[in-house]
Each structure stands twice: as C-alpha cells, then as structure tokens.
Amino acid sequence: MAEVHVIGQIVGASGFPSNSLFCKWGIHTGGAWKLLSGLREGQTQVDHPQFDNVAYWSHPIDVHFATKGLQGWPKLHVQVWHQDSFGRSELYGYGFCHVPSSPGFHPLDCVTWRPLGSWQEQFSQLFVGGGPQLLNSDLIYTGADRYRLQTRAMGTVHLQLAVLLRNFDRYGVES
Amino acid sequence: MAEAAWNEDTGGVVYRSRDPIGNLRIRVRLQRVTSTSLLLQQLQQLSFQPGQQAIGLATLGSHNTASGNPPEEEVVIGWQEKLFSQFEVDLYQHESACQSPLDRQYHQDILKLEKSGGRKNNRIFTYTDHDRFTNMEEHCQRVTTSVQEAPSYLAERMANVRRRRQERKPVESSVFKSRIVTWKPSEEFIKNNHVINTPVQTMYIMADLGPEDKLGCGDCEHVLCTIRVDSNGVITVKPDFTGTKGPYRIELEGEKRELWKYTLENASAVVQQDEEEREQRLFKDLYSRHKEYLHGLVGTDFEMTLPGSLRLFVNGEIVSAQGYEYDNLYIHFFLELPSHWSCPPSQPLSGVTQTCATKILGKDRVAFFSFPFTLEVFFTQEDELEGSLPQWPVLYFEVLSLDFWQRYRVEGYGFVMLPATPGAHTLTVSTWRPMEPGTFSELQRFFIGGSPELEDLTYARVPSTFKGDRLSRFGFRTETTGSVTFRLNCLQQSKAFLESSSMKKRMQSVLDRLGGFSQQGSVYNVLEAFQRARRRMQEARESLPQDLISTSTAGRDSHLS
C-alpha cells in the first residue's frame, strides 16, 4: 500500500469571456485507489473580480489516497460556470489535469473548453447565453469518445498542488 | 557566593506542554543580599562622605543585628494558586471593603486562613487571572521611555479583547454551515474577530519588599515572575526559570537601596518512568492499530513488475496547440514501441482529440484540448550483449484542421520522445508540414482543401522503413507551422530500483540503473562460455586415442619423478 497526499488550492481562473465565475471540481481515481480522508469534490464561491479579469477562489484541496497500484492515478477535473446578473448559471468550460506524480509543489495551469453547438445555437448563445453541456461528465477526464466533440477553447484555471508520496520507493517506483 | 554572577537575562521564555496546566508548580526563593562585597561597596561610598560615616555605620550595624540572618523565604506555588499579601489580608478582612463577588470570596478565604493559623507565605504572594492587578497591568504597560506614551487604538482594543476569554467555546461547525456570512456583525463580534484572539491566562508571582515591620503598604510590590498560558499549551515564563544561571536581583529605590535576589524553579511533579513508558506504549498501540485499520481498508499488496523488466507509466495530457493557420484543430497521435517494449493488450496506443475552435491569446491563436491519455509500457531486457542501447518509445502526432465544409487540411507533423527521467515534464513541440513549391498547391489548399501529406508518420523522425547509415531528406520542402504542448507525468517502476536504492546508489540515468542486470547477465554469460569451452575440451580429450593419453601421463609422471 502506498499513499498520496494532495494538498493545494484552486487559485482562480482567467481568460474567460466574462466575470462572476464559479468552479465545480472533483478528483477521479481508478479502482485500486481508496480515499482515506478529505473531500474528493466540491464547489467554489462565485467571484467578482474588482480590477483585472482574474477570478480568485483560493479554494482548498486536501485529500489523502491509498493505492494498490499505479493504474488510475488521480485526475482533477474542473467545470467553470458563469452566474449572470439574473442568477442563471451557464457552462463556461470543462478542464482536467493529472495530479502530478512527482512529489513537491506544482503550479499548474489547466486549460478548458466548452462544447460548440450548431450555428443556430451559437447565434442564440450570443444573445441569451446558455449552450450545450456534456451528457456524461466523465468525458472531461477520459479521451476515448472525444472525437465526437466539437469544442471551443475557453479560459485557464490556475491550480497550486503540493504532492506528498509515501512508500512508493518501497515498491521500486521512481517518481 | 558560589553562583556569584547575576542573571541579567530577564526576557520571557516559551515552553510547550501537552499536560494539564494544573500540574505546574513553581518554587520561588527570595533572599535579601548582605554580601561582604556589597558591604565594602557601601563603605567605600560612605568614606567619600566623611560627615555621614558614623550614622551610616550605625544604621548598618543596627540593621544587621535586628534582622539576624538575612531573611529568606521559599514558597512552592501552583498554577493560579492565590497567596494573599499582607495588604490584601488587611483589606479583605473587613466585609465593608468587599464589593465584588470575588472580594467576598477572598474575604471568606482569609477568615478561613485566620482560623487555620495564618498564611504560610510572608513576602511572596500571587495575583491570579481574576485579580484586578492583571487587568491594570495590561492597560498601563509602557513600551517606550516616553512619559506621554498613550496606548494606541489597537493596544486598547487588544487589552479589551485578548485576555478574558478562557471559557469561550469554539463555535460549532453547524452554525457555520447555516450562515457563512454575518451580514450585520455585532460590536462584540467585531471585537472578537478583528484582532488576534488567543485566550491567555495570566498569573503574577509578586513580592512585597517593604521593611519588615511595614509589610503591606502596597507600594513596595514587585513582580518576580509573569506566567502566561494559552489554551494550546504554550507557557510563557518571564523571566525564565533560573536553572544553572544565577539568581535574578531586584534593586530597590529609596535611601537604603536594598538588594534582593530570587530564584525560580520548575517544581512540577515529574512523570514516573513506568508511567511515561506506559503512555508511550499506549500511543504506539494506537498508531499501530490505526495503521492496521488503514491496511484493512486498502490491503498491503502493491502490483509489482516482473524481475528484469522496467515499467514506464505515463500520465499524459495534450494541453494545447498554438500558432496554426486554420481554425478547428484536432490532433491524431500514436505511440511507437521499439523492440523489447510491450504493453498490455487492452491498452490503446493511439488517440484522436476533439475538434477545438481556437481563441486569441496574445499573438497566437490557441486551441485547448485538455486531452488525457495514459500509457503503460514494459521494457524487458532479454539478451544483454547485443551492444546497442535500448530505444525509447516515441509518440508521433499530426495536427489537422477541419473547416466548415468538413474538409480537412494537414497543419503539422511532430514527435515526442517519452522522457527517460521520472517526474513532471511540460514539452512544447514545434511542427512542420510538407509543402510543394509554387502557388498552385497553396491556392488548392486554401480553396478546396487537401495538401501533400506524409504516407508514414514515422517520417517525422526516422522512417520505419529506413535502412542505411545516413538519413537524408534533401529535396523535401516543409513549412514551419505552430506548436503543440504536452504535459507528461512519468513514473518508472522496476525491481532493480529497489535493489539499487537499498544500496544507496544514485546513478545518472535509468539505463545505468538497469545496468545491474546487464552486468549480472554478462558475468553469467562469461561463466557459461567457460563451461562450454571446458566441456568441449573434455570431449576432445575423451575422443583422443587412449595410448596418447597414457604416454602423456607417463611422460608427466617421469617428469615428476
């Protein structure tokens, strides 16, 4: 049994078309992994930037995993949503990143995309917002069926993760 | 005096303890100094004033005879133990002087003390956390020599807030859940939250250093020691306990300029040896049980590689593509495994990303893919003495664009060598695309799509069909296009690492570390070759005519004799 601690935060997001964003996040692992403590998913507050276009959430992540194998290394997936002045939420981006496999502090930039609808949908999106979303959110962190998708590049989510590994060297794993 | 040197260091010292603070005991020893050196000093001073010499000597003499041996007092004080001073005894004896409930409590205590036969302390006494003195001290503390120093706004706030909150319970988490933001904060709430608020309990050990017959006049009180304890077990003692250092001294003002010395000792009961051991055993037990519990949850085993093989595990991500000419990009990639490499049969070695419309970022147009892939490949060393270094797997990719009419164009070719060192790697790979000279093909590409393509993607590196010793691409024209960013997290697993790390060998590259096997192998091979040669020699010997052997042995015998 080897253990992984992931301690860090979702710092914020930049490069999205408008402000007042919030973020849903989760960590997906394979079957050999077990969550010992901490929360594996969550949601941030809605942040309105005062000056620049970076929304800061500073949302904490602190999870402790134990594993029987390397397969299914944890993946962190995020969904960035926009809440408009009427209180409606619309999807702004899906993104994911592998939890780094080497111990230490890792500042990460996680790029996001959103599904692109037909041109009629894009046209109506221009005026009333909204837009298509994924039916199954597992497409965010799997690559198998991605070729069916038409997407648009959106903003970037900034993460800071510190990773602690334990007992991996006992099983001959170099990380 | 043996420990002659005075302790000048009167700064506070911080101790930490997890044990209950009620066990804290401090032994205080207070003594008036009448050393000969001091006497001499005084005499010298006096000799400068001949007029007053007689009087001075007389007072000194009378003083010494009056007090006999210098007065000494030793008290062991517990945490927040109240020892009354003479002043307080005089004050609280009369019920009319009592105003607060605390005063009345003291009144009762003093009456009880009187009945049981007077107090045990003489000069040394204490002020506990509840006493008025503790409050006053905090309010009137000065930090500079300025006479007009007034406490700052913050200091006032701190004095109000910081101390008296020992009994405040931590706010329940359920309250937080129901109401995260306090929209109308009360005065009290603001006070509590705008300044640091570590609840502290304070205790003063004091001494009344007035003349023997005039104890309790109130203005000769001196602080011997201040002890502060917060709820986290942080104990601040100012000044520190006098251990090996000398005692502290107090020099009184006034005409006599008496000198007092005092020592502070930590007299708390020490934990017995067996008790401490039992506590540690208990902790160890707890930890091991928790460990067992975790093992029960997860299991102790871990999937290992076969001996002699290296497992390369790559958590990869195609992050983005930037700087391409057309919009709606997608990437097609595959992994080439050289010889000696294998992978589990269920694992796909190729993939196609989604189509992504670009956005402007800085000067470039970027497409964000955030496409995950996981590669798990094995390297097995079979025959070591081939002399060639093992080749590393290569990831080939092509960038394509799809336009409104569903026509696609090749945007670029590239390849990534999987990193040979474990850890996180971010690689940005520039790409090129084949180009035909002349404007016709470019026009064709613009209007109807389609352009020259590579038949074999491995041409981006060394073509798989290539045989020869010199690779030439002369005559092949390309155009630089954009770049693709990969993020690769590599893990390597091998039993060889286990051995070499246990031998504390830090080698440069993975090949060196795997090299242990090849060395073992080569030794084995040499041994085998030797065995083979020996067997052949024996066979040759057996096939020789018998008489030849006998003559040779006879000859040897004759030589020997």
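Predicted model: local features only at pLDDT ≥ 70, side-chain atom pairs only at ≥ 80, totals over all residues.
How many bridges join strand β2 (residues 25-32) of chain B to β3(B)? There are 7, and the two strands run antiparallel.

Residues are numbered from 1 along each chain as its sequence is written, and chains are lettered from A and ligands numbered from 1 in the order in which they are written.

**View 1. An open sheet in chain B.** Here 4 strands line up as β3-β2-β9-β8, with antiparallel pairing. Strands are DSSP runs (E, at least two residues), numbered from the N terminus, and two of them pair if DSSP finds at least two bridges between them. At the edges lie β3 (72-78) and β8 (248-251) of chain B, each pairing on one side only. Look for Ile26(B), which stands opposite Ile77(B) in β3(B).

**View 2. Where chain B meets chain A.** Contact here involves 44 residues of chain B and 41 residues of chain A; two residues count as in contact if their C-beta atoms, placed from the backbone, lie within 7 Å. On the chain B side, strand β16 (residues 364-380) gives the most, with 7 residues.

**View 3. Strands pairing across the two chains.** Strand β9 (residues 150-166) of chain A pairs with strand β14 (residues 355-357) of chain B in the parallel sense, over 3 bridges.
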